[in-house]
Amino acid sequence: MTPKRSGWLLRAREDRPRISYLELLFDLGLIVALSRLSLRLVNDISWLNALQTMILLAAVWWVWTVTAYTTDWYDPEQPITQLIVVGVLLGGYLMAMASVRAYEGMHGFVFAASYVGLHLFRGLILVTALRGHELRVRPLRVLIWFSTTGVLWLGGAFLPAPARLAVWALAITLDYLAGLFGYWVPKLGRIGAQELRVVGEHISERYRQMFIVGLGEVLLVAAIKFRNVTFVSATTAGLILLFANAVAMWRIYVVYGAEHLAAGLERSTNAGRQALVVAYTHLIMIAGVVLTAAGGEVIVVSPTEQTSSAGLALMIAGPVVFLAGRTLYAFELFRMMLWRLPVGALALIATTPFLHRLPPIGVGAVASGVLLALAAVPRVGRRRY
């Protein structure tokens, strides 16, 4: 079989990059997952549950990241690529449904089995479809790694919650490190720069699109909880604060370099690995969005009640984590330290002890005020790629 025939599934590098309807369909699954994870946080506002939820979020985000690479490397118009994405979407949907009780009984097995199964499903199809092509070794390495860490995911599903958390934390860490170091396998080596190359315009648009979709969760959680209340009320004020948060996060994300991600990737000597590191910083920002959505539910449901310590931590953690991720993103891609962002995060942390006496609506107003102030500051300085 000639490389040309066996490489029919590959996306032509000279194609005009665009987001396909298939990718838009897939993004719906992430919206469901983010909603379920924010619901999980609100149901149990504790440090342990927050850590458990972040592990689940990392797994969900890794599914989205690997799929974004799949539709960048392989032609989304091909039926096999569509089968892969739809199959992964089904697995991700099952993960989302099981996530709320993922550390309880068989729900954990469903989450782990779906996570491992969708990765193996994708890998087996790609290895078979690329038979005879030199790039077949790329999905083969990935398949071997997910088969290895899959043992930890599935084994952890049968352990008690504390042990399950530890094993799954190890498994997702290995998944992320394996991707960062090119899925090195003995005798097969690791994925090189040429194998990992991406279309900068396409992959950057995927990141931007997914972040904007993630922001929808902040608005969605407020809308769902807005019922059986007088329109002119503290609850409505909380709704407006969440809207302000979403707009401020959007502006902070876009103004400080997001639109130049494609140029940064195209100028990189290893665009594929650069894009992968960008995925890690986007995970931190998405975590901030999920925390903000969960904190927003506290504001909308009980805007004028006494603020609990856990609720206060949740409402402040969202903006702080988002600003931390946005700072790392700018530094990693442009080697720019956007001091205004970490200063804003530190200001929120420093004022936290004094916010305990305020009701949730007051805490939300302070957090929104900081985000809006940062969003209003224009970008200055020269980008260095």
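The legends below describe close-up views of a predicted model.

**View 1. The whole chain and its confidence.** Residues are numbered from 1 along each chain as its sequence is written, and side-chain values use heavy atoms, with hydrogens and water left out. In this predicted model, local features need pLDDT of at least 70 and side-chain atom pairs count only at pLDDT 80 or more, while totals for chains, interfaces and linings use all residues. The chain holds 14 helices and zero strands (DSSP runs numbered from the N terminus: helices are H or I with at least four residues, strands are E with at least two). Of the 385 residues, 55% are buried (buried is under 20% relative accessible area, exposed over 50%, partly exposed in between, with a 1.4 Å probe and protein chains only). The average pLDDT is 84, and 88% of the residues score at least 70 (pLDDT is the predictor's confidence in each residue, from 0 to 100). Confidence is highest in helix 7 (residues 161-180), with a mean of 94, and lowest in helix 1 (residues 3-6), with a mean of 49. Where pLDDT is low, the predicted coordinates should not be read in detail.

**View 2. The largest cavity.** Four cavities of 30 Å³ or more are found in a search of the whole structure (on a 1 Å grid over the protein atoms alone, a cavity is a set of points where a 1.4 Å probe fits but cannot get out; a pocket is an open set with protein on both sides within 12 Å along at least five of seven lines; lining residues have an atom within 4 Å of a point). The largest cavity holds about 250 Å³ of space (grid points are joined across faces, edges and corners, and a volume is the space filled by probe spheres set on the points). It is lined by 21 residues, of which V66, Y69, W73, V142 and Y183 are the closest to its centre. Helix 3, helix 5 (105-129) and helix 6 (137-156) each supply at least two lining residues, and helix 3 gives the most, with six.

View 3. Most residues other than glycine have a negative phi. Y183, however, has a positive phi of about 50 degrees, and phi of K187 is near 75 degrees. Y183 is buried, because its relative accessible area is 8%, whereas K187 counts as exposed at 91%.

**View 4. The second largest pocket.** This pocket has a volume of about 180 Å³. Its lining consists of L41, I45, S46, W47, A50, M54, L291, A310, A313, L314 and A317. At least two lining residues come from each of helix 3 (47-73) and helix 12 (309-334); helix 12 gives the most, with four residues.

**View 5. A nonpolar surface patch.** I212, L219, F243, V247 and W250 form the patch, with about 440 Å² of accessible area together (patch residues have over 30% relative accessible area and no salt bridge; like charges are joined within 9 Å, and nonpolar side chains, namely Val, Leu, Ile, Met, Phe, Trp and Tyr, within 5 Å). Areas come from the Shrake-Rupley method with a 1.4 Å probe, and for residues only the protein chains shown count as cover. A salt bridge is a side-chain nitrogen of Lys or Arg within 4 Å of a carboxyl oxygen of Asp or Glu. Helix 8 (200-225) and helix 9 (234-255) each give two or more residues to the patch, and helix 9 has the largest share, three residues. F243 is in helix 9 and counts as partly exposed, at 48% relative accessibility.
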